[in-house]
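Please have the model open and follow along with me.

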Amino acid sequence: MKARTIQMPGYERIASFCDTDTGLKACIAVHSTVLGPSMGGVRMHPYATEGEALKDVLQLSRAMTYKAAAAGLPVGGGKSVIIGDPARDKSPELWRAFGACLESFGGRYIAGEDMGTTPEDMDEIARATRHVMGRSASSGGLGDPAPHTARGVLAGIRAALKWRYGDGSLEGVRVAVQGVGAVGMNLAEALHRGGVQLVVGDPCEERAGEAVKRFSAEAVSPEDIHKTKCDLFAPCAMGGILNQQTIRELRCAVVAGSANNQLSSVAAGDALAKRGILFAPDYVINAGGVIAIAAPLAGLTPAGRDKKIEGIADRLTQVFTRAEQAGIPPEKAADQLSEDVLHAAEAGRFHPSSPEKEKRTRVHSGFAT
Ligand code: NAD
């Protein structure tokens with residue numbers, strides 16, 4: 001196994017790994033451990049170049065720092081990427097080799113599942129290291145985090161509707177869901193139960209058909225779902241969906257969904273705000289899954305975990321309040337609130353007179369409820 005350290009300002013540690021025996025090509029980035037050991041998923045994707053994989057791991061690990069800070073979790077931000085095809089390149093040997101890479105971080109980075117990996121893959125990795133979470137339910141782990149993510153998104157949707165219309169009720173509200181996969185289907189089910197009129201768009205006809213059958217949803221083509229006239233558009237598929245073109249085509253008052261990195265650029269956020277569309281910053285509203293995965297590390301009971309997931313509603317309201325007061329878009333307000341948490345924790349960490357743990361707890365009550 002060849003390991004190489006990569007220096008990058010603003011990141012605590014980045015290492016790339018290459019193992020010819022197993023075909024493993026991976027990169028692990030620890031962005032910040034200011035709030036606690038860094039956590040973040042293992043993404044497996046056939047990246048065209050190593051540069052592309054590095055860019056992804058840098059962006060994703062930084063986003064994890066902000067997500068954990070916003071969620072009030074005592075964990076930092078990290079991420080791994082593996083260059084490979086999830087359908088072809090997995091093997092027990094590859095996971096063992098990857099587990100050895102994780103071990104070299106000595107617990108400063110804890111891995112979990114992400115796009116291209118499953119809780120069962122985490123079980124394999126766990127044969128080589130303790131520093132992995134998000135294992136399968138049959139191995140005593142959490143299993144699929146998507147239902148928790150969907151529950152948090154639902155709480156966030158209610159808060160966003162309340163902010164926009166003065167009423168968080170779902171009855172009769174028209175919602176367009178882009179992508180009825182693991183999160184989107186759970187969300188659609190909960191929205192349907194709340195009395196929402198659903199419109200769905202998914203290239204997978206089977207999933208779209210299931211939503212039509214189970215929730216009396218209207219199905220539209222995936223190309224048109226964002227153009228649907230509705231109260232709220234919920235992106236629950238790929239990132240980068242909100243760009244200058246799609247923003248011009250939106251016919252909703254609110255955008256609130258689970259997809260990561262929904263804004264294609266800073267300018268896209270400004271364009272949304274200019275159109276008067278309320279945006280629920282993705283890393284705040286979609287934190288239910290990471291809260292559930294980090295719950296054991298954060299010492300949360302199942303009831304405490306659920307309360308924290310429901311607390312996404314209050315944290316989102318804090319974001320909207322700061323955005324309104326400061327005259328800035330919500331995603332900038334969310335960044336500021338997360339940075340407040342991080343700066344306060346950093347100040348606490350280096351303050352000689354009080355124990356680090358106590359400082360962290362106090363800092364966490366800042367953004368979180
Ligand atoms: P998934 O792969 O289970 O579902 C994605 C769905 O989107 C699939 O049904 C797919 O067919 C559909 N889709 C793909 N392209 C589409 C398009 N152009 N238009 C409409 N639909 C399209 O993924 P998931 O786990 O449900 O995650 C959805 C999003 O939420 C991702 O961006 C993910 O990063 C984010 N997220 C997921 C979790 C989680 O707990 N799973 C947590 C946080 C964030």
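**Helix H10**

I started in helix H10, where Gly288, Gly289, Val290, Ile291, Ala292, Ile293, Ala294 and Ala295 are buried. By buried I mean under 20% relative accessible area, while exposed is over 50% and partly exposed is in between (1.4 Å probe, protein chains only). Helices (H or I, at least four residues) and strands (E, at least two) are DSSP runs, numbered from the N terminus. H10 covers residues 288-298, and eight of its eleven residues are buried, so the helix is largely enclosed by the rest of the structure. I then looked up the cover over these buried residues, which includes strand E4 (38-45), H1, H4, helix H11 (302-310) and H12. Just after H10, I noted that Gly299 takes a positive phi of about 70°.

**How I read the model**

This is a predicted model, so I kept in mind that local features need pLDDT of at least 70 and side-chain atom pairs count only at pLDDT 80 or more, while totals for chains, interfaces and linings use all residues. Residues are numbered from 1 along each chain as its sequence is written, and side-chain values use heavy atoms, with hydrogens and water left out.

**Helix H1**

Next I went to Thr65, which lies in helix H1 (residues 50-71). Is Thr65 buried or exposed? Thr65 is buried, with a relative accessible area of 1%. Leaving aside residues up to four places away in sequence, I found that Thr65 touches His31, Ser32, Gly76, Gly77 and Leu342; contact here means heavy atoms within 4.5 Å.

**Aromatic pairs**

How many aromatic pairs does the structure hold? I found four. Rings of Phe, Tyr and Trp (its six-membered ring) pair if their centres lie within 6.5 Å; planes under 30 degrees apart count as stacked, over 60 as edge-to-face and the rest as tilted. One of the pairs is Tyr66 with Tyr283, edge-to-face at 6.2 Å centre to centre and 70° between the planes. This pair links distant parts of the chain, with Tyr66 in helix H1 and Tyr283 in helix H9 (residues 282-285), 217 residues apart. Tyr66 is buried at a relative accessible area of 8%, and Tyr283 is buried at 11%.

I also looked at Trp163 and Phe320, whose ring centres are 5.8 Å apart with planes at 40°, so the pair is tilted. Here too distant parts of the chain are linked: Trp163 is in helix H4 (residues 146-165) and Phe320 in helix H12 (residues 312-326), 157 residues apart. Trp163 counts as partly exposed at 32% relative accessibility, whereas Phe320 is buried at 2%.

**The ligand**

Which residues are closest to the ligand? Of the 22 residues that surround the ligand, the closest are Thr149, Val183, Asp202, Arg207 and Ala237; a residue is near if one of its heavy atoms lies within 4 Å. H4 and helix H5 (182-193) each supply at least two residues of this shell. I noted that an N or O atom in the side chain of Thr149 is 2.7 Å from an oxygen atom of the ligand. A polar backbone atom of Val183 is 2.8 Å from an oxygen atom of the ligand. Taken alone, the ligand exposes 830 Å², and the protein buries 72% of that; these accessible areas come from the Shrake-Rupley method with a 1.4 Å probe.

**Helix H7**

My last stop was Arg248 in helix H7 (residues 244-249). Arg248 counts as exposed, at 59% relative accessibility.

Notes. Polar contact = N/O pair within 3.5 Å; in protein donor to acceptor, adjacent residues only side chain to side chain.
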